[in-house]
Amino acid sequence: MTLMKRFDRAWCRSIAGLALTAALLTGGHALGQQAKAPPEVTASAVFVVNADTGRVLYQKNPNKVFRTLSITKLVTAYVLMQRLGGELADQVTITQADLVPGSTAGLRKGDVWSLEDLLYGMLLVSGNDAALAIADYTGRKILAEEKKRGDSIKRFVQDMGSAAVGLGTKHTQFADPYGISPSNVSTARDVALIGSTVFRDQQLLPFWRCAHRTVSIGGPQARAATINSTIAMFGEDNILGAKTGSHVGKNIYHLVVGWRAPNGQTIVAVVLGAADHPSRYNDMRAILASLPHDFPELAEPATSSTEDSTAKCEP
């Protein structure tokens, strides 16, 4: 099966699965049930949705536009999986162009990383370098299959924009695969829509199951390295996945979390524009603690096990 056919097939499945959710989110309610105001938090915008039913639980300024910053990387991961989810053992040689500033996974020029390990480097420590290497490699593969020439990063970012539209977003756009550009923007509602797919994707979920990942790096400076998650909520009860977005200089702090409720359903919670780094986590914990009280059906025990056995922390 070609790269394009795999992508189209996976894309169709994701759109079909989210069609009802996207329709319900448009009105801010589901099945006639109005969303509630969230508990008191510092965040400028909040959006919380039951990703399994489409019911909006909390909202506050859901359509206020923010720079997405590193939350961008959720879509980078999603496009990678749709395009090359079966080829994560592919080996990627790191170039000088991949070594961009900001948060880093520790890539060096000449390194050889697997796509799988680059994905860990992007999601666990928000490596801008890993995101760019993923986009460059995947973009070149797309162009080769299309028998076209062009800028591999731009081609990948084009897919990111198309993917976001396919997931039902209204105010989301991308100019790079890692989030430095001020043109990467979204809203709390849109980020929740993206999270509703990403935090239920069985291919992606294992990449958040471990706070540490040891990677084997080839090339002239061959070595083993341990990637330690920088996301504070990893390892907390029922957290399926999480991604931050930060701009210390402009005092912008975001967080999106996938959380498994006691009844087994997947809840996606977004806080954008929190007061500072600790506050985004405090905001999120307050929201998650309030959910079973405000929505008692979430507190009912699950009728079957939802534990995924595919998690792996080491190669």
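Val 248 is exposed, with a relative accessible area of 63%; exposed means over 50%, buried under 20%, and partly exposed in between, with a 1.4 Å probe and protein chains only. The residue sits in the loop that joins strand S11 (239-247) to strand S12 (252-260). Helices (H or I, at least four residues) and strands (E, at least two) are DSSP runs, numbered from the N terminus. From Val 248 to Asp 276, 28 residues along the chain, the C-alpha separation is 8.5 Å.

Some ground rules. This is a predicted model, where local features need pLDDT of at least 70, side-chain atom pairs count only at pLDDT 80 or more, and totals for chains, interfaces and linings use all residues. Residues are numbered from 1 along each chain as its sequence is written, and side-chain values use heavy atoms, with hydrogens and water left out.

Now the overall counts. The chain has seven helices and 13 strands. Of its 315 residues, 57% count as buried. Taking the contacts in the chain with a separation of 6 or more, 65% come from residues 24 or more positions apart, where contact means heavy atoms within 4.5 Å.

S11 and S12 pair in the antiparallel sense over eight bridges; two strands pair if DSSP finds at least two bridges between them. Thr 244 has Leu 255 in S12 as its bridge partner. Both strands belong to an open sheet of five, in the order S4-S3-S13-S12-S11, with antiparallel pairing. Strand S4 (56-60) and S11 are at the edges with a single partner strand each, so one side of each has no neighbour in the sheet. On average, neighbouring strands of this sheet are turned by 5° against each other, direction ignored. The axes behind that angle are lines fitted to C-alpha atoms, for helices over the stretch in contact, and angles run from 0 to 180 degrees between N-to-C directions.

Val 49 is opposite Val 56 in S4. The hairpin of S3 and S4 has five residues between the strands, and Gly 54 in it takes a positive phi near 85°.

Next, the helices. Two packed helices are described by the angle between their axes and the distance between the axes. For helix H2 (residues 73-84) and helix H4 (residues 128-146), the angle is about 35° and the axes are 10 Å apart. H2 contributes Lys 73, Thr 76, Leu 80, Arg 83 and Leu 84 to the contact, while H4 contributes Asn 128, Ala 131, Ile 134, Tyr 137, Thr 138, Lys 141 and Ile 142.

Which residues does Thr 76 touch, leaving aside its neighbours within four places in sequence? They are Met 122, Ala 131, Ile 134, Phe 156, Met 160 and Pro 177. Thr 76 is buried, with a relative accessible area of 0%. A polar atom of its side chain lies 2.6 Å from the backbone oxygen of Pro 177.

Last item: helix H6 (residues 188-198). Eleven of its eleven residues are buried, so H6 is largely enclosed by the rest of the structure. Among the buried residues are Arg 189 and Asp 190, along with Ser 196 and Thr 197.

Technical notes:
Polar contact = N/O pair within 3.5 Å; in protein donor to acceptor, adjacent residues only side chain to side chain.
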